[in-house]
Amino acid sequence: MTTPPDGARATAALRSAMAFIQDAPQLGNQYDDDPMLASFLARTLSVDELAAIEPELRELGELSGGHFRTMQLADLRNEPVLTQWDAWGRRIDHIEVSPLWKEAAKLAAQRGLVATGYDAPLGARARLHQFAKVHVISPSLDVYSCPLAMTDGAARTLLESGNQSLIDRALPRLLSRDPAQAWTSGQWMTERTGGSDVGLSEAVARQDTDGTWRLSGSKWFTSATTAEMALTLARPEGNAAGSRGLALFYVPVRDDAGHLSPGISVNRLKDKLGTRKVPTAELSLDGAPAILVGSDSDGVRAITPMLSITRTWNAVCSVSGIRRALGLARDYAGRRRAFGALLRDKPLHADTLAGLEAEYAGAFLLAFRAVQLLGKVERGTADDQEQRLMRALTPIAKLTTAKQAVAIASEAIESCGGAGYVEDTGLPRLLADAQVLPIWEGTTNVLSLDTLRALGKGGAIEAVVADARAHLAQARDGGLAAAAAAARDALDHAVAWAAGAMGEPVRLEAGARRVALTLGRSLELSYLCAHAQWCLDHGRGGYAAAAARRFTRHGVDLVDDLDLEDTRTLMG
Ligand code: MFK
């Protein structure tokens, strides 16, 4: 090898010194940097209530943008590992999760990410406190929100079941703030027959002569299989086919040493597009001991409290995922130069991100309106109208925010150019993880049909309309008039269309998604108008008002009568 002359060495050194290296996007305090959370809490809590919870939210904001974010980036490739056999041939089915997940489990217990929702002092507003924490921290916990959502859902389901011995056994663990005592719960609903039409479930429950129930069958998609207990559905022998014949069971999954209960084996972990840190597994049940939660039928109805809770978590995690995507995209736009300027100073780039901010603001308010109502219904302070509203709003919030989360994650990674598509920047994870949100806990179409089911109950449509109108009535500022009119018109159109299609089941079902999304978007805009007015009145700036105006221009009314004959032709 020949040594380069001094001049060539100097030129190479100069070139390498000048080589451009792009700074990675950074995050600040995830409570302080959120343009919606603080003003929303200031509007909905008393000054003393907010003062009591804000320091912890700020601490979590620091951990979210700092410690956990650093850990997340340093450990992008670490995934759960299933070890089925030990060295001596003993079946163990041990699942090793990432170091971040282990730390998240401790943090979740200590900070009461589930338990806060059940705390007494804030009453119905305990749910706001809980989900404010979840919103701030969850994007940095690698989807540890999944087991927490199911844990919360299990706690609520057991409480509503009235089964005192199961409540005594599990609630203190599910709500424990001591990491050594805390449990998580699984929710095993999906079988090979599918995750939507749960009535097709094949798992069978047999009762021993001593009264012990034993479950056999397979569960095809069990998220977070590291849980200590699970709620699941199985058909007691002799029961009718369909969902009415299923019963709800409590399964003790692991003992205190972490060993799986007899009759449960983990066949493999799922190879998923996203949520790669979540140990989602296929399980076989072969006479696994279980406890009947309530009656020996109507299990789907018995597990619906779980669905309401996890769907609310889904909505909140959608908006916190959007916030994370936008936090990174905005920071990047302040660091990245192209064509002679920072991206944030480029009119088209700014226009694109501003549109996403407007969608975030609407999504945030819809998710947190669902949270508010959940708290009131649980604490018995909701009137009839609010109860009906919550039933309809839960699927609407879940399906609308999940779609926004995917669309915005896609735009956010695109706004980072090629870096957004490279795995070790961590940015593609935003989109891969977001894509689960419209799928699990009910797909967009299943939830659109659930919305129709909820609206079909007496007084539900009136409750939705009244809530939107009450919020719109608060918007007095002239700059909000067009937005308020658009929300009102879209809502009226959706309600009128659904009423007109009532006697035509095919037309109604075909249009259900457009109706549900129109309701979701018009509610988002109604809440935005009210929040914008409050912010203007309280010196909180014009972000929400600008969001309302921009959101309006994206389109609110998606209702349309599409030609059913064209559908048939296109589908062959
Ligand atoms: C970041 C957040 C993380 C979230 C956690 C992720 C964990 C991931 C694990 C999973 O994804 S588990 C899979 C979740 N699976 C689903 O969400 C099921 C999706 N399918 C549905 O939701 C179907 O609509 C349903 C299974 C409920 C249909 O069941 P049926 O039995 O065929 O319908 P039916 O007969 O209408 O409902 C039975 C009863 O339940 C009825 O009550 P009644 O018996 O009194 O008439 C319904 O009114 C009631 N019901 C159904 N959906 C309800 C509900 N009640 C309240 N709320 C609901 N949403």
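How far from an oxygen atom of the ligand does a backbone N or O atom of Glu441 lie? The distance is 3.2 Å. This is a predicted model.

**Ligand contacts**

| Residue | Part of the residue | Distance to a ligand oxygen atom |
|---|---|---|
| Glu441 | backbone N or O atom | 3.2 Å |

Taken alone, the ligand exposes 1200 Å². The protein buries 83% of that area.

**The shell around the ligand**

The ligand is surrounded by 27 residues. Ser243, Arg244, Arg301, Arg311 and Arg453 are the closest. By type, the shell holds 9 nonpolar, 10 polar and 8 charged residues. Helix H7 (145–161), H9 and helix H13 (444–455) each give two or more residues to this shell. H9 gives the most, with 7 residues.

**The nonpolar core**

H9 also matters for the count in the core. The largest nonpolar core has 170 residues. Helix H9 (residues 299–333) supplies the largest share of this core, 16 residues. Leu158 and Phe368 have the most contacts inside the core. Leaving aside residues up to four places away in sequence, Leu158 touches Asn163, Leu166, Ile167, Ala170, Leu171, Leu174, Met229, Leu231 and Val293.

Terms used:
Residues are numbered from 1 along each chain as its sequence is written. This is a predicted model: local features need pLDDT of at least 70, side-chain atom pairs count only at pLDDT 80 or more; totals for chains, interfaces and linings use all residues. Side-chain values use heavy atoms; hydrogens and water are left out. A nonpolar core is a set of buried Ala, Val, Leu, Ile, Met, Phe, Trp, Tyr and Cys residues joined through side-chain atoms within 4.5 Å. Buried means under 20% relative accessible area, exposed over 50%, partly exposed in between (1.4 Å probe, protein chains only). Helices (H or I, at least four residues) and strands (E, at least two) are DSSP runs, numbered from the N terminus. Contact means heavy atoms within 4.5 Å. A residue is near a molecule or strand if one of its heavy atoms lies within 4 Å of it. A polar contact is a pair of N or O atoms within 3.5 Å; within protein, one must be able to donate a hydrogen and the other to accept it, and residues adjacent in sequence count only if both atoms are side-chain atoms. Accessible areas come from the Shrake-Rupley method with a 1.4 Å probe; for residues, only the protein chains shown count as cover. Ala, Val, Leu, Ile, Met, Phe, Trp, Tyr, Cys and Pro count as nonpolar, Asp, Glu, Lys and Arg as charged, and the others, Gly among them, as polar.
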